[in-house]
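The points run from conventions and overall form to individual residues.

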Amino acid sequence: MKKLVHEFELSSAEEEEARRCAAALGITPTTARILYARGMTTAEKMRSFLHPGARHLLSPFLMKGMKEAAQLLTQARDEGWRVALFGDYDADGIGALAVLSRALKEFGIEPYLYVPERSEGYGMSVAALDTIFDEFMPELIVTVDCGISNAAEVAYAQENGAEVIVTDHHELPERLPDCIVINPKLEDDYPYDNLCGAGVAFKLATALLGERAMKYVDFAALSTVADSVPLLGENRDIVAEGLRRIEKHPRPAFSALLGKAGEISAQTLAFTVAPRINAAGRMGDAHAALALFTTENEEAISLLAEKLNLYNTERQHACDELYAQALAAIRAEGAFGNVVMLAADNWNAGFVGIVAARIAEEFSRPALLFVRRGDMLRGSARSVEGVNIFEALKACSQYIEEFGGHAQAAGINVRADKFDDLKRALGAYIGEHYSREDLASKLYVVGEGEDHARVAHELAMLEPFGIGNRRPLFTMEAGSLAAAPVKPLSPHLTLNAHGLDLMYFSGAKDLKFLRSDLKKTLVYEYNLSVFRGREYLKGFIRAVLPAGGAGAAPEIFENTLLALRGKPVAANTDTAELDAFLAARRAECAYGLCAICYDVSTLAAFPSIKGLPADVFRLSSGNCENVVLIAPDPGCDLSGYRDVVFLDMPPANALETGTARILCNGGCSGRQALRRVATQRETLLGVFRALRAHAARVTGESYAQAARSCESLGFGEEEFIFALAVFEELGLVALREGRLIVAQGKKTELTASALYRAVAALGEE
């Protein structure tokens, strides 16, 4: 289950200071609290944050190595040296090459550009250097977005007669290259250490050109959002300034990739432009992306953009296929450890990072995917917020041939015979250094929404959003909601809660829960849009979570009733034994246990499950964490679990449980509601007469919705739902497209309904 975590808690003194800042700036206390919690603890800091731009950029000469690099490049220009730029094949590396190559040309140096293809591996290599020396014989090599871990390769280049400048932003290895090194993570006077590779290249360009380098800030902005670095401090200023430039003076390359994207935001760059740049490298043609960003020929730009769009489509299909294969492997193996690690012979090395990121998010723990190449495995690691995968790999380096990266992502090579050792070591390290809270699937919220329109306008000033400056999420409590698809058969829902119009994309899965009387928490973000000159405010729902007190909603009875269509389950344990088993399982592992009940009062009999997350009807997370599930929907997929435990005797097992061990408690019954239902022919005949007479009043997609729509026509809810289910099974009625259809002239016997027979038998027990 997704866990709600308050993004911040301010002391009374901090609350008072935030209120003073709000009054000074004329903003709501809500916005001021968000800013204060994110480090803007004075009115001046808040003002600067709300108005990011070039005026806040730092002097590049505060960075170690910058002065020496500028002097060496000046010498290279004045003496006519041959200068080569060595980049990386991703969007950060391509952006860094675009920035520095253009800046050097303006500075007076015509550089040779080299970007390796992904098949050559990340960073500098002797083979790549040999190619550069064969083709160009450089006297100076400048790296961008790589090189910090290539001490040996730098020495090789120097032995071949070239000076080297390394510009990089990745974590520092124990041994640095013996040359001029520019990296914001070095100890120096530069106060900001989270620049991306293109951000560092932009600072070098600024050192060479001064304010004239601002014309290249759009490339740095793209790379900053693409490389998932925090959008705080100088990164925020770079992205804000770059977005302004793209909006006002878009380069042909950006226009070609953006198409009809409309409003340009950090998310537009991250999800529209960056994937297309990365796709070229992943498809083995990084030179196409580099050519797009370094040519001025508009005809060539159009053709190259079309090629990158095609690559991106192919990449999406390939990633979906790889993801399906990885997910099948996870299900077969079981995702019960602190890390997910997989390897295969036929995967494309260019896609494993994308899929690893998707798996890490879905399973709420670090994921590493590898491709076998002979005796070696080449892979990518992706982590979750709060778990530093670079430090974890560093601690397990005795099992690794080579790795590099940062806190959330890393490239890694390991011998095939060390795979299992590394998996065990990483799992142990994460278990020792991180808590269950660190691995929980979290939603960070700032509190309940208020003054919706004003807050929404103020939050727009917090753009660009991204890592380190997440889009604020708000909560509201609700009961039954009149949610409906935006159009027939649409998976997207629209609803109104507490006066705010809400959209829930792909929310059809939660329609039953939304319409139920069960208490729920809506997690949403504000969205402002303009259409034909008119502004619209909506909330976008990000999650719908149980708020406690499952109660006796008709949907719970409906799921209990429909469970009778499953496979019979025999009791094989009692309450005391099952409670001891649950306690042992929880102590042993945080994953693989799903406890189910159909009668909410059953939960009180099991102290062992106290503190477990609880879902209603369906799982809100697919990460196989230990969970309690109340009255699950028939067909609910629990095949990823190791143990499925029925806390009370279910009507039957109507769930997809795969190879899970099934335990069933004979000491508590989850069938009481079914035993209470009247099965007499006269009672059901009365319901049928009412249905036939008032069919137009009965609407809904489920029996519970139908009961609510017509107030059960004066009958009890459970009685009405049971009768409606039996009549539909007998073909006497049907719920079609939300309306009740009554068959004319059809005759049958109640005993022809399997549901009727099953409930009648329970009543006789």
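1. Helices (H or I, at least four residues) and strands (E, at least two) are DSSP runs, numbered from the N terminus. The model is a predicted one: local features need pLDDT of at least 70, side-chain atom pairs count only at pLDDT 80 or more, and totals for chains, interfaces and linings use all residues. Residues are numbered from 1 along each chain as its sequence is written, and side-chain values use heavy atoms, with hydrogens and water left out.

2. On overall form, the protein contains 27 helices and 26 strands. Its radius of gyration is 30 Å, close to the 27 Å that the globule rule gives for 765 residues, so the protein is as compact as a globular protein of that length. The radius is taken over C-alpha atoms, and the rule is 2.2 Å times the number of residues to the power 0.38. The C-alpha trace spans about 105 × 60 × 55 Å along the principal axes.

3. Among contacts (heavy atoms within 4.5 Å) with a separation of 6 or more, 67% are between residues 24 or more positions apart.

4. Glycine 405 belongs to strand β10 (residues 402-405). At 8% relative accessibility, this glycine counts as buried. Not counting residues up to four places away in sequence, glycine 405 touches His170, Glu171, Phe390 and Ala410. Glutamate 391, 14 residues apart from glycine 405 in sequence, is 9.9 Å apart from it in space, C-alpha to C-alpha.

5. Which residues does serine 753 touch, not counting residues up to four places away in sequence? They are Val726, Glu729 and Leu730. Serine 753 sits in the loop between β26 (739-742) and α27 (754-764), and its relative accessibility of 0% makes it count as buried. Its C-alpha atom is separated by 6.2 Å from that of valine 726, 27 residues apart along the chain.

6. Some backbone geometry deserves a check. Most residues other than glycine have a negative phi, and most peptide bonds are trans. Glutamate 463 and proline 464 are joined by a cis peptide bond, with omega about 0°; proline 464 is in the loop between α19 (452-459) and β14 (474-478).

7. Leucine 489 is not a glycine, yet its phi is positive, about 70°. This leucine lies in the loop between β15 (484-485) and β16 (493-497) and is exposed, with a relative accessible area of 88%. Glutamate 737, also not a glycine, has a positive phi of about 50°. Glutamate 737 is in the loop between β25 (733-736) and β26, and is exposed at a relative accessible area of 80%.

Key: Buried means under 20% relative accessible area, exposed over 50%, partly exposed in between (1.4 Å probe, protein chains only).
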